[in-house]
Amino acid sequence: MVSRNELRDRYRQVMHRIGEAAERAGRPADSVVCVAVTKYASPDQIRQIIEMGHQDLGESRVQQLHQRVGMAQEFLARRRMLGDDSPGDLPSHIRWHMIGHLQRNKVKPVLPLVKLVHSVDSLRLVEEAHTQAARADQEVEILLQVNISGEKSKYGIAPAAIPHLAEQIQTMVHLKLRGLMTMAPHAENPEESRVVFQRCAELFFEMRNAGRLGEAFNLLSMGMSNDYEVAIECGANIVRVGRGIFGEGEHE
């Protein structure tokens, strides 16, 4: 288990590397959102990163998402009640991201908990999300997951089908399409991910520059602990980092 001091140092290093990668890409350091993936983090580690002022957290499992949203809300409420902002600047609220594969029968409990669903990977899931959002009378922000590599083991939509599906989503008043997400095949060398990220970025910017999807279509989620710097260099403005911050964890 990563110690408190080590977690602080790892977090600061990740944020520094994100800033450097953004600057290499000609963008300001604060143009990239780091989603701290809590899949293998302990509750104490999550509380510590919140204490450090981090606001964006991501989960891939529905039951664990529900538990951790409740825990974080309780922690923030207790700290505010005590009037204790040390040792860092507490965020006013947490923005939770659903980053894992989402089954249609899990959509209803997830939508009220999250700011953004990264992993919308089929028309049927789009339709279910819109149905549940309409019933709750809420607007749900989503990313379409693109299977750039064509791996059968990867979820996602074929690149050629993405623009048409995006136009369909534009007619759904309770969904807001914010952008695209992709995952590169696992590789020891992060440079091997570059071609996947470049292809997804090309698709993203083509769709954005076409102007039919509006200003809200502005998020590109690519890169994880092993390759987030390459993803940022290719255009990502959201990265998902778990091991890089929290370590391997007890279950990984």
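## E51 and helix α2

The side chain of E51 makes a polar contact with the side chain of R79 at 2.6 Å (a pair of N or O atoms within 3.5 Å, one able to donate a hydrogen and the other to accept it; residues adjacent in sequence count only if both atoms are side-chain atoms). E51 lies in helix α2, residues 43-51 (helices are DSSP runs of H or I with at least four residues, strands runs of E with at least two, numbered from the N terminus). E51 counts as buried because its relative accessibility is 13% (buried is under 20% relative accessible area, exposed over 50%, partly exposed in between, with a 1.4 Å probe and protein chains only).

## Basis of the model

This is a predicted model in which local features need pLDDT of at least 70 and side-chain atom pairs count only at pLDDT 80 or more, while totals for chains, interfaces and linings use all residues. Residues are numbered from 1 along each chain as its sequence is written, and side-chain values use heavy atoms, with hydrogens and water left out.

The buried residues of α5 are L125, V126, A129, H130, Q132 and A133. They pack against α4 (107-110), β4 (116-120), β5, α6 (162-169) and β6 (175-182) (contact means heavy atoms within 4.5 Å).

Just after α5, D137 takes a positive phi of about 55 degrees, and D137 is not a glycine. D137 sits in the loop between α5 (123-136) and β5 (140-146). With 62% relative accessibility, D137 counts as exposed.
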